[in-house]
Amino acid sequence: MPPANPPKVGLLVTCLVDLFRPSVGFAAVTLLERAGCQVTVPSQSCCGQPAWNNGDRATTEALARTMIQAFEGCDYVVAPSGSCSGMLHKHYPELFRDDPAWAARATALADRTWELTRFLTDIMGLDTAIPGFAGTVTYHDSCSGLREMGVKDQPRRLLASLPGVELTEMPGADVCCGFGGTFCVKYPDISTHMVTEKVEAIVATGADTLLAGDLGCLMNMAGRLSRLGHDIDVRHVAEVLAGDPDTAPIGRAEG
């Protein structure tokens, strides 16, 4: 039964979801509403992570102020991304540490910001996902989701509630895939080596679908799987948890 006073949740869509995989955003809305939330999608910008990672503090601050203002009316801010939620939760307070007025607003936002699967389980108490997808899957733990947002067992608990889904763990599921945002651009040879090792671990599971909670990691691994000729589907975990069996896997044409 939905809560009597549903929390107002602002969905942080993220740039990659908005530009490359809108179905992840719609799946997130489906899951949040199933958990009893009132979902809103404020006008928003990039969270500033690419600028932050490249040392462009002025641009990061400008983007962060836009995001702080956009989400100030929400009880919670939730993102289908450990990376972008980690930027708000961990780095915004650090960004404004010498600006008392903005530091207080950044810290307030950070305290309300969650990654999607952890929010659904740990805050809203959701223990069953939406049946509809079936298959053998393996799960990659993204670095920011795991280390900045504490996401590990939450997506696995929700996957275990789906009768048609079998989870097969890969060796080194918590090892970086080599994406790292600008890391893969600055150090392409190292990144390629890392994602090749990740692909070998994925293939060894025998799973027919790879899942994760960050679109950047998924696009990186989907590209390497394709280039090496492996026919393994790649999807965001939110799509599977929302019972979406129809959207084409990442990197595949619809229809």
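How many cavities of 30 Å³ or more does a search of the whole structure find? The search finds two. The views below are of a predicted model.

**View 1**
The domain assignment of the protein gives domain 1 (8-122) and domain 2 (128-242). Their C-alpha centres lie 22 Å apart. To the contact, domain 1 brings 31 residues and domain 2 brings 27 residues.

**View 1. The largest nonpolar core.**
This core has 51 residues, and among them Leu32 and Leu159 touch the most other members. Helix H12 (residues 215-227) is the element that gives the most to the core, supplying six residues. Residues come from both domain 1 (8-122) and domain 2 (128-242), so the core lies between them. In soluble globular proteins, nonpolar side chains tend to be buried together.

Not counting residues up to four places away in sequence, Leu32 touches Val9, Leu11, Cys37, Val39, Val78, Leu116, Phe119 and Leu120. Another core, of 20 residues, lies apart from the largest one. Its residues include Met67, Met87, Tyr92 and Leu95.

**View 2. Helix H9 and Gln154.**
Helix H9 spans residues 153-160, with Gln154 among them. In H9, the residues Gln154, Pro155, Arg156, Leu158 and Leu159 are buried. Their cover includes helix H7 (116-123), strand S5 (135-139), strand S6 (165-167), strand S7 (209-212) and helix H13 (237-241). Gln154 counts as buried because its relative accessibility is 4%, and buried means under 20%. Leaving aside neighbours within four places in sequence, Gln154 is in contact with Thr117, Arg118, Thr121 and Asp122.

**View 3. The largest pocket.**
The space in the largest pocket is about 610 Å³. Its lining is made of 31 residues, and Gln49, Ser83, Phe179, Gly180 and Gly181 are those nearest the centre. By class, the lining has 17 nonpolar, twelve polar and two charged residues. Helix H1 (15-20), helix H3 (49-53), helix H5 (82-95), helix H8 (143-147) and H12 each supply at least two residues of the lining. Domain 1 (8-122) and domain 2 (128-242) each contribute at least three lining residues.

**View 4. The largest cavity.**
About 60 Å³ of space lies in the largest cavity. Gly82, Glu115, Tyr139, His140, Asp141, Ser142, Gly145, Leu146, Val151, Gly213 and Asp214 line it. These lining residues divide into three nonpolar, five polar and three charged.

**View 5. The second largest cavity and Thr14.**
The second largest cavity holds about 30 Å³ of space. Its lining consists of Leu12, Thr14, Cys15, Ser45, Cys46, Cys47 and Cys84. Five of these residues are nonpolar and two are polar, with no charged residues. Thr14 sits in the loop between strand S1 (8-11) and H1. Although Thr14 is not a glycine, its phi is positive, at about 80 degrees. Is Thr14 buried or exposed? Thr14 is buried, because its relative accessible area is 12% and the cut-off for buried is under 20%.

Technical notes:
Residues numbered from 1 in each chain as written. Predicted model: local features only at pLDDT ≥ 70, side-chain atom pairs only at ≥ 80, totals over all residues. Heavy atoms only, no water. Core = buried A, V, L, I, M, F, W, Y, C linked by side-chain atoms within 4.5 Å. Buried < 20%, exposed > 50% of the residue type's maximum accessible area, 1.4 Å probe, protein only. Helix = DSSP H or I, 4+ residues; strand = E, 2+ residues; numbered from the N terminus. Domains from an automatic or database assignment. Contact = heavy atoms within 4.5 Å. 1 Å grid on protein atoms, 1.4 Å probe; cavity = no way out; pocket = protein on both sides within 12 Å on 5 of 7 lines; lining within 4 Å. Points joined across faces, edges and corners; volume = space filled by probe spheres on them. Nonpolar A, V, L, I, M, F, W, Y, C, P; charged D, E, K, R; others polar.
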